[in-house]
Structures are given as structure tokens and as C-alpha cells.
Amino acid sequence: MDFQNDGGFQRQMFKGSWKCNGCGGEITELPFEPAGGKPVYCRDCYKSNKPRRTGGGGGGNFQRRTFQGNWKCSDCGTEITELPFEPSGDTPIYCLDCYRKNKPPRRDFR
Ligand SMILES: [Zn+2]
Ligand SMILES: [Zn+2]
């Protein structure tokens, strides 16, 4: 076994002979074992095929905010200590069960 130490970080490389599905270049080493039938890309093509991260940071990171408090469900009277929104003074507050019940049945379109 002849592993090359790359700055202390040992990475297992699979040796072989493949052709890049992108540029057709020869590939002799891969950091993973390619599964049969799956396209193999050289490092350059792999990079350019990778979906780009949206700049700006935090993209795609869905943050759910919860509000802590002490409310009562307007329907069943259950105590509610957490809400996914900030309740305004005169809107009735429902627990999750009653909220679902009160919501008109609708298909989730996502
Ligand atoms: Zn390539
Ligand atoms: Zn309720």
C-alpha cells in the first residue's frame, strides 16, 4: 500500500483508468470508488458541474422563529407556550391541533 501523505490529511484514492464524462480526459485517480454506470468527472469538470452556491450567505437556510409566551387556545383552552408567529392582541390563538382543524382542507403545494 502506497499512500501519499498530503499535508497530514490522508485521503484514500482509488486508482484506475476512467474517462471524464465532461472533457474526455483520462482519469487515473479518484477520491471515491465510482459506481458502474455513473458518469465520472475529472476534478475540473467536477467543479464546474457542481451546483453553485448562491452568494450572500445563508441562502437556502430556512430559519424558523418561535415566540415564547403564555397563551390559551381559543378553541379547546389548551395552554400554548410557543407560537411560530407573534400573536397580535385580538386575533384568536389556536393550538396546533385546532389550527389544523380550523384551516380549510387544502393540498400542500410545494
Ligand atoms: Zn473533465
Ligand atoms: Zn386547541
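Hi everyone, let's start with the overall layout: this chain has two helices and four strands. Please keep in mind that we are looking at a predicted model. If you follow the sequence along, the elements come in the pattern β-β-α-β-β-α.

So how much of the chain is buried? Buried residues make up 2% of the 110 residues. As for contacts with a separation of 6 or more, residues 24 or more positions apart account for 4% of them.

Now let's zoom in on the hairpin. Strand S1 covers residues 14-19, and among its six residues the count of buried ones is zero. S1 runs antiparallel to strand S2, residues 26-30, and four bridges join the two. Within that pairing, Trp18 stands opposite Ile27 in S2. Between the strands of this hairpin there are six residues, and Gly24 takes a positive phi near 80 degrees.

My other stop is Cys98, which you will find in helix H2, residues 96-102. Is Cys98 buried or exposed, or something in between? It counts as partly exposed, because it has 18 C-beta neighbours inside 10 Å, and a residue needs 20 or more to be called buried.

Which residues does Cys98 touch, if we leave out those up to four places away in sequence? The answer is Cys73, Asp75 and Cys76. Let me pick out Cys73 from that group: Cys98 and Cys73 are 25 residues apart along the chain, and their C-alpha atoms are separated by 7.9 Å.

Note on methods: Residues numbered from 1 in each chain as written. Chains lettered and ligands numbered in written order. Predicted model: local features only at pLDDT ≥ 70, side-chain atom pairs only at ≥ 80, totals over all residues. Buried ≥ 20, exposed ≤ 12 C-beta atoms within 10 Å, placed from the backbone. Pairing = 2+ DSSP bridges. Contact = placed C-beta atoms within 7 Å.
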